[in-house]
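Here are some notes to read alongside the model.

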Amino acid sequence: MTETAASKRREQWMARLGQRLEALVKSLERQPGALALLGLGSTGIHGERLDEYSDLDFFVVVEESTRERFLRDIEWLRGAAPIIYNFENSQHGRKVLFHDGVFAEYAVFTEKELAAVAEPSMRVIWSRDPGRDWSGVRTRHVPMNGGHEQADYHLNEAVTNLFVGLLRDRRGERLTAMRFIQVYAVDRVLSIQAVRDGTGERRDPYGVERRAEQWAAHVPLASFCPGYECNAQAARAILNWLEEHESPPGVMVGAIRSLLAGGHPGG
C-alpha cells in the first residue's frame, strides 16, 4: 500500500471514530439519566495516537436511578450504530464490535462510583451540564468483576485480546501486540483450562502461568508463544486451538481471521 493510500485509510478511520463518538453523544442526549461521556486513552487526552487501528475507550456517567438500565439494556449504544457482538467483561461495562468494524470498550458509573476511579487520560467528550468539572477522576483503579471462574468469561477475553493484539501488531507495535497475544490471551487459555479441568489446587493463586508446564501440559504453549516477531503465527495457533476445544463467538473469529488474512477493521 502506498503512503498516500495508507494516509487516506487512516484519515477515513479516524473520521469514522469521530462520527461514532458524535453519534454516541446524540444518543446519550436523548437518554434520561445520562450525565456525561468521558473519553480515555487515545479517545481521551492522547488523541494524537489515533490511527487506522484504534478503537474507542470511554466511560458513561449516569444517575444512580438509571445505572442498571444503562448496564443491562444497551439500546442507548445501538442508538449510535448497529452492534454485531457484545460481551459483558466487567460489572461496569462491555466490549462491543459495531457493524462497521469499530471496536469499543466502555464502563458505566454513577457519580459516586466515578469518584473512586483513577483515569489520568480522561477527557470530557460531552456533559449534560457544560460547566461540570469531571477532572477529579484520579484516586484508584477501576474495580473488576467477579466472573473470573467462568470459562466463558476467559474465552471472550481471549478472543478480544487476540483482536486488539493483531491491530497493534499491524500498527507496528510488536511488543504490546506480543503481550496481548502471547501473554494476556495465553493467560486466558490457561484460565479456561483451570476451570475446565478443576486444577485450581495445583496452581499458584497469584499467577495462572506458574507451573503451567505441569498442570496444563496438554496446552501447546510453544506454538502459542513463538516470540516477538511471530505475533500473527501465535494468534493463529491460539485461535485454532480455541476453535478446536471451545466455542468462540463466530463474529470475533471472523474478525480475527480477517486481520490474519491482511484485512482491515471494517474492510
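**Helix packing and a few buried charges**

1. Let us start with α5 and α9, whose axes come within 10 Å and cross at roughly 160°. Axes here are lines fitted to C-alpha atoms, for helices over the stretch in contact, and angles run from 0 to 180 degrees between N-to-C directions. The two helices are therefore roughly antiparallel to each other (angles under 35 degrees count as roughly parallel, over 145 as roughly antiparallel, 65 to 115 as roughly perpendicular and the rest as oblique). Helices (H or I, at least four residues) and strands (E, at least two) are DSSP runs, numbered from the N terminus.

2. A word on the basis of these notes: this is a predicted model, in which local features need pLDDT of at least 70 and side-chain atom pairs count only at pLDDT 80 or more, while totals for chains, interfaces and linings use all residues. Residues are numbered from 1 along each chain as its sequence is written, and side-chain values use heavy atoms, with hydrogens and water left out.

3. On the α5 side the contact is made by Leu 155, Ala 158, Val 159, Leu 162, Leu 166 and Asp 169, and on the α9 side by Asn 231, Ala 232, Ala 235, Ile 238, Leu 239 and Leu 242. Contact means heavy atoms within 4.5 Å. By class, this contact has ten nonpolar, one polar and one charged residues. Ala, Val, Leu, Ile, Met, Phe, Trp, Tyr, Cys and Pro count as nonpolar, Asp, Glu, Lys and Arg as charged, and the others, Gly among them, as polar.

4. Now for α5 and α6: their axes come within 8 Å and cross at roughly 165°. That makes α5 roughly antiparallel to α6, and the crossing is left-handed. Residues making the contact include Ala 151, His 154, Leu 155 and Glu 157 of α5, and Phe 180, Ile 181, Tyr 184 and Arg 188 of α6. The residues of this contact divide into 13 nonpolar, five polar and six charged.

5. Next come α9 (residues 231–245) and α10 (residues 250–260), whose axes come within 11 Å and cross at roughly 150°. That makes α9 roughly antiparallel to α10. α9 passes α10 in a left-handed crossing. The contact involves Ala 232, Ala 235, Arg 236, Leu 239, Asn 240 and Glu 243 of α9, together with Val 253, Ile 256, Arg 257 and Leu 260 of α10. Here the classes are six nonpolar, one polar and three charged.

6. What do the buried residues of α9 pack against? Their partners are α5 (151–171), α6 (174–197), α8 (221–224) and α10. The buried residues themselves are Asn 231, Ala 234, Ala 235, Ala 237, Ile 238, Leu 239, Trp 241 and Leu 242. Buried means under 20% relative accessible area, exposed over 50%, and partly exposed in between (1.4 Å probe, protein chains only).

7. Glu 157 lies in helix α5, and at 10% relative accessibility Glu 157 counts as buried. Not counting residues up to four places away in sequence, Glu 157 touches Phe 87, Asn 89, Lys 95 and Arg 188. Glu 157 and Val 189 are 32 residues apart in sequence and 9.3 Å apart in space, C-alpha to C-alpha.

8. Asp 187 is found in helix α6 and, at 18% relative accessibility, counts as buried; leaving aside its neighbours within four places in sequence, Asp 187 is in contact with Val 208 and Glu 209. Glu 52 sits in the loop between β1 and β2 and counts as buried at 10% relative accessibility. With neighbours within four places in sequence left aside, the contacts of Glu 52 are Ala 6, Arg 9, Arg 10, Trp 13 and Pro 265.

9. One backbone detail to finish. Most residues other than glycine have a negative phi. Phi of Arg 211 is near 60°, a positive value in a residue other than glycine. Arg 211 is in the loop between α6 and α7 (212–215) and is partly exposed, with a relative accessible area of 46%.

Technical notes
Left-handed = near helix turned anticlockwise from the far one by under 90°.
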